[in-house]
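Thanks for coming. I have one structure to go through today, so let me put it on the screen.

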Amino acid sequence: LFDHAHCEANTSELDYTGKVLVLSPDILKESCWNQEDQLWYAHDGFGCSPKAIGRSIRCTCLGDGEMTRWNRTDFIGALKDEFLPEWAKEKLMELKGQEQNNDSPAMGGMTME
């Protein structure tokens, strides 16, 4: 399992938006104690900011693609790039590609001119 040694230093001061986060094993059921269930991609939420009052982060599990909300305190921290497994890199590229495809100048079917 991933632990603090696999995470960025000063994680408590980082903005988590767009980062791969390590979910604490304390949050997971014992049957889910594996790297696939520990790695989550942070999309957005007040909890991404270290100084925000809110703590909710909307994320996607890199293991199974489930999207849910976790609290900032549920994570050990942001994973260092060097520890990101190959399978997770592929899933991360997929997720980032989907996000880019969803970013468009159109609003509600109308385009700004």
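Where in the chain is Leu79 placed? Leu79 lies in the loop between E5 and helix H2, the helix that covers residues 86-102. Before going on, please keep in mind that this is a predicted model.

Let me stay with Leu79. Is it buried or exposed? Its relative accessible area is 6%, and the cut-off for buried is under 20%, so Leu79 counts as buried. As for what surrounds it, and setting aside residues up to four places away in sequence, Leu79 touches Phe2, His6, Cys7, Glu8, Val20, Val22, Leu39 and Leu84. Take Cys7 from that list. Cys7 and Leu79 are 72 residues apart along the chain, yet 4.3 Å separates their C-alpha atoms.

Now the whole chain. There are 2 helices and 7 strands, and in sequence order they give the pattern β-α-β-β-β-β-α-β-β. The chain has 113 residues, of which 36% count as buried. Among contacts with a separation of 6 or more, 59% come from residues 24 or more positions apart.

In what order do its strands run? The order is E4-E3-E2-E1-E5, in an open sheet of 5 strands with antiparallel pairing. At the edges are strand E4, residues 67-71, and strand E5, residues 75-78, each of which pairs on one side only. On average, neighbouring strands of this sheet are turned by 40° against each other, with direction ignored.

Within that sheet, look at one pair. Strand E1, residues 20-23, pairs with strand E2, residues 39-44, in the antiparallel sense over 3 bridges. Val20 has Tyr41 in E2 as its bridge partner.

Which side chain of opposite charge is nearest to Asp37? That is Lys29, at 8.8 Å. Asp37 is buried and has no salt bridge; the cut-off for a salt bridge is 4 Å, counted from a side-chain nitrogen of Lys or Arg to a carboxyl oxygen of Asp or Glu. Apart from neighbours within four places in sequence, Asp37 is in contact with Leu23, Leu28, Cys32 and Cys61.

That is the end of the tour.

Definitions and conventions. Residues are numbered from 1 along each chain as its sequence is written. This is a predicted model: local features need pLDDT of at least 70, side-chain atom pairs count only at pLDDT 80 or more; totals for chains, interfaces and linings use all residues. Side-chain values use heavy atoms; hydrogens and water are left out. Buried means under 20% relative accessible area, exposed over 50%, partly exposed in between (1.4 Å probe, protein chains only). Lys and Arg count as positive and Asp and Glu as negative; His and the chain ends are not counted. Contact means heavy atoms within 4.5 Å. Two strands pair if DSSP finds at least two bridges between them. Helices (H or I, at least four residues) and strands (E, at least two) are DSSP runs, numbered from the N terminus. Axes are lines fitted to C-alpha atoms, for helices over the stretch in contact, and angles run from 0 to 180 degrees between N-to-C directions.
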